[in-house]
Amino acid sequence: MQRLKGQTALVTGGNSGIGKGIVEAFAREGANVVINYVVHDEVTTQMVQQITVNGGNAIGFKADVSNEAEVQEMFRQAIAHYGTIDILVNNAGLQRDAPFTEMTIAQWQTVMNVNLTGYFLCAREAAKEFIHRGVVPERSSAAGKIICISSVHEMIPWAGHADYASSKGGISMFMKTIAQELASQKIRVNGIAPGAIQTPINKSDWDNEASLKKLLTLIPYGRIGQPEDIGKAAVWLASDESDYVTGATLFVDGGMTLFPGFIANG
Ligand code: BGC
């Protein structure tokens, strides 16, 4: 069942971690995928080859999502290549952790530029294309879909990560505000808030037994998440199966946001 057949998706930060999981899930569902990335051309090339071998269609595009000119050029070229874009997944993000009083302005700005400004720049270009093209009923009931990958830390405060948690809180309000503003144009905007997903960003939390055991005390469902857990949620939010859903955040976190400290009666 190819739920995204004939649609084109652009996934930022698409050659690693959660982004990679989303790209692979979208390709399996029949979407053409533009894999945005900044480093590791060889990984992107390999992903494109694999998708092609499996009968799918993908291209890589190197661009810094926090750079307005690069983002605009990426959308121009992606639209020239595939004709249009139906789905944007704002996913590219990073952490620059530091105790609060030691956090530098460079760390703060790097995180805000990529995690928040990058989402603004890409969503703006995508929305312009969706509005310009309008609904194509054979492909989707919506003119376009935007999915913002956030984090449980849009809700859970996180000591030592003031920049990152602030950026994720910002993504939540950004997502809801543009969902409200764009709904009448038939554009759906939603968020996914992943918990601990096994990716390079949190490697030190799962690459040894003691850290993993400690991490699992925060996850009632008893396992670390995988990129495909997020890929499946993203497919649903991108497809017409969620056609009446906009402005929502889907927490995909094995219960991390359920206050696990209270499991044993607080
Ligand atoms: C962070 C990970 C962390 C997870 C749960 C994510 O947003 O990027 O490093 O493991 O939240 O705390």
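**Helix H2 and what follows**

Just after H2, I found Gly55 with a positive phi of about 90°. I am working from a predicted model, where local features need pLDDT of at least 70, side-chain atom pairs count only at pLDDT 80 or more, and totals for chains, interfaces and linings use all residues. Residues are numbered from 1 along each chain as its sequence is written, and side-chain values use heavy atoms, with hydrogens and water left out.

I took helices (H or I, at least four residues) and strands (E, at least two) as DSSP runs, numbered from the N terminus. H2 covers residues 41-53 and has 13 residues. Its C-alpha atoms, first to last, lie 18 Å apart, close to the 18 Å expected at 1.5 Å a residue; the expected span is 1.5 Å times one less than the number of residues.

Which residues of H2 are buried? I noted Thr44, Met47, Val48 and Ile51. Buried means under 20% relative accessible area, exposed over 50%, and partly exposed in between (1.4 Å probe, protein chains only). Seen down the axis of H2, the buried residues fall within an arc of 100°, so they line one face of the helix. That arc is taken from the directions from the helix axis to the C-beta atoms. On the other side of H2, Gln46 and Val53 are exposed.

**Helix H5**

I checked H5 (residues 162-182) next. Its 21 residues should span 30 Å at 1.5 Å a residue, and its end C-alpha atoms are 30 Å apart, which agrees. Its buried residues include Tyr164, Phe174 and Leu182.
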